[in-house]
Amino acid sequence: MTGWIRQMTIGREASMRRILVAVTAFALIGAACTAGGDEGPASPTDANASHEPVTIEIWGAWTGRELKQFNAIFDNFTAQYPWITVESVGAVDDPKIIAAINSGTPPAAVLSFGLDSVGKFCQSGAWQDLTPFIERDGYDLSQFPDAVFKYTSFGGSQCALPFLTDAYGLYYNLDKFENARLSGPPKTISELTDYAKQLTEFNPDGSIKVMGLVPFSGYYETNSVTLSIPFGAKWYSEDGTTSAVDTDPQWKAIADWQKELVDFYGGPEAVTKFVAQQGDEFSSSNDFETGRVAMNIDGEWRTAFIENEVPDLNYMTAPIPVPDDMADSYGVGQIGGTIIGIPKGSPDPESAWLLVSWMASDTDTLVYMANNVRNVPTTTAALESPDLEVTPQFQTFLDIFANPSSHYKETSAIGSLDQDLVGGFLEKWQQGKVTDLQAGLDQVAEQINAELAQASGP
Amino acid sequence: MATPPIAGVARGTGAVRRSRPSRRTPWRLVILFLSPWAIGFLVFIVYPMVTSLYFSFTHYDLLSTPRWIGLDNYKFMFTKDAFFWLSVKNTVWIVAVGVSVRILFAIATATLLTRPRRGIKGYRTMFFLPSMAPPVAAALAFVYLLNPAFGPLNQLLSSAGVADPPLWFFSPSTSKWGLVILGLWGVGDAMIIFLAGLLDVPRQLYEAADIEGAGPWQKFRSVTLPMISPVIFFSLVTGIIWGFQYFTQAYVTSTVNATSKTSLGYPEGSLLFYSVYLYQQGFSYFKMGYASALAWVLFVVTMACTLVMIRTSRRWVHYQGGEMFR
């Protein structure tokens, strides 16, 4: 080996050692790098005292028309807190917010549609526990219906506040009801099944022209969560440590109800063909708006879409029917919507708290947003406000939200994974690919439990 | 070993005598010129790889500090995660079927394109153009084209008398074939390489085969295939890597058709490919430690397959200048 090559080799080995050391250091620094902890709140902010002007950012998932309407609320906030200017950034989803928190550059406040991530946000401290602010300022939590706490807190941490909510109910076409000589909405599952059959119209070739109700999980807003609430199906055991999918008989009831309707329509393939022709959910080609389905499970926002896109549609709304042996619970439904909070590492938590607490409780703001975006306001005062524009169809969703039994599914440390597992199973079931229903539910529960165990760690 | 000459400096005496360059390697200059690549390599390749390897041994949800759990992620993957095996099965299918069909189709198309004497440039452009389409746009177009109800393909099949046309992206038995058709439509990138390979086969070999009385199949089997075997090998290796990383088309078609809260990979998990599953774990469920473990398994398997391909290539790949890999 010549000196030149030896020198190259020695140099390369030394360089390699240096590179390895540097890379290891990088990795360790990266691993250890998380945004630092946040100190508790200082004394309450006096709005009448003089303050240095500040500009804070709020990131959220609103887009398009709704973002414009959302951005209009901050003038009122600045009127109340003149030293704070709010800059709203739209179209920001949860992964982007998480990336900003990890890099230590989050905005002052955040808004999310990701209810399923509340468990992780609260548990990890990525969204700050607001309890110290709430206790310090004596912030009145009784202004919110109890149901909102199920999707704004987790493990004792109140890391979010509600800012409007969704509620899910049954839309039904009154003209089709009249043609089928049906009056009033179905209130029990057996009535729903019966109505769906009577409202279904077939083409001469046997294919489905109008479906009474699509029972497929995965069709628009019909899914494991929206079905589980009216059916009373529990996701977890009382202590939240194990899945209840295998033990709660209501999951079997959901599956049996699906199968009965699918069989009536001519089997999975007939329904699949019908579903394949569905129009875009958030456009005027939505199946309920075009009359392809006589009844459909949907959120309260559909009333605004119908008002804009097919104002002549003769329809009404009602709570989703409940099992016959649970008729007393009629009126219950899935609720849960937008959440707001203060991320870990917020550059100005005090101003952010003023903003978040104001957004969550300012009646005029909530009523303005409810009237424009057509979501359900989340405080008792806003719900009772005379300025809230309420149509009979929208009133249904206010009633569902006001129902003390309405709730969002139990949150957990595995986020939306449980829904995906159950949804995936229902997909197979509704296609007739599951021969032993209970064994299938057992398997799903086992997978959820394994995920829970993995999330909690050794 | 002799000291290699420094490029550009002639030995012996020249007309103009220049000062003798230093024999010492100009390390500072070397490092300076290498630094743009080296910094990029360290920051964007080495650092993420080392970090993800570390994360694969941790419970890391992107929000909390990573917690060391040893091999638990790997144990969970191989013993408790049913969707891992489903994604492996789907990915092996797309690698085995999708890549093979794509290569065969590319060879067939390229062979056809060597024949026309008129308008050859037009034909080549026409076949190549689809490969330029952005994958998301192409996938969306195929979601429409293959729609069982109003898609033109099924309407064509119905009018041709097919009583029960496929449900394509709405049925697990046909969804992957829909993606294969999408891949064949965009086969231009592979086709153009095969076309170059085919045009590079020496004419005299065919002439010799003709003299020996060989038929078209014998000429293809004994002349064309061996001569384009390096191109097949290249397409196979890149195709397998492409198959293991199959993502965009599957993600788009499954999420467009599943409008509500259903699992990725709709219908019934048939489009849950490995990379889609990895993405879902990391960015939907925030299980970044687990996603890192999945990524490392993918890396190791892809690397192993590539090495096996290279090792076995000496048996069937023929280079005009001799062996390439030893």
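The model is predicted, so local features need pLDDT of at least 70 and side-chain atom pairs count only at pLDDT 80 or more, while totals for chains, interfaces and linings use all residues. Residues are numbered from 1 along each chain as its sequence is written, and chains are lettered from A and ligands numbered from 1 in the order in which they are written.

**Exercise 1.** State the strand order of the five-stranded open sheet in chain A, and identify its edge strands.

*Solution.* Strands here are DSSP runs of E with at least two residues, and helices runs of H or I with at least four, numbered from the N terminus; two strands pair if DSSP finds at least two bridges between them. On that basis the order in chain A is 2-1-3-10-4, with mixed pairing. Strand 2 (84–89) and strand 4 (161–162) of chain A are the edges, since each pairs on one side only. Strand 1 (residues 54–59) of chain A runs parallel to strand 2 of chain A and is joined to it by six bridges, Ile56(A) having Val86(A) as its bridge partner.

**Exercise 2.** Describe how helix 8 (residues 188–199) and helix 10 (residues 216–244) of chain B pack.

*Solution.* Axes are lines fitted to C-alpha atoms over the stretch in contact (C-beta atoms, placed from the backbone, within 7 Å), and angles run from 0 to 180 degrees between N-to-C directions. The angle between helix 8 and helix 10 of chain B is about 150 degrees, with the axes 9 Å apart. Helix 8 of chain B is therefore roughly antiparallel to helix 10 of chain B, the term for angles over 145 degrees. Residues of helix 8 of chain B, among them Phe194(B), meet residues of helix 10 of chain B, including Ile228(B).

Notes:
Parallel < 35°, antiparallel > 145°, perpendicular 65-115°, else oblique. Contact = placed C-beta atoms within 7 Å.
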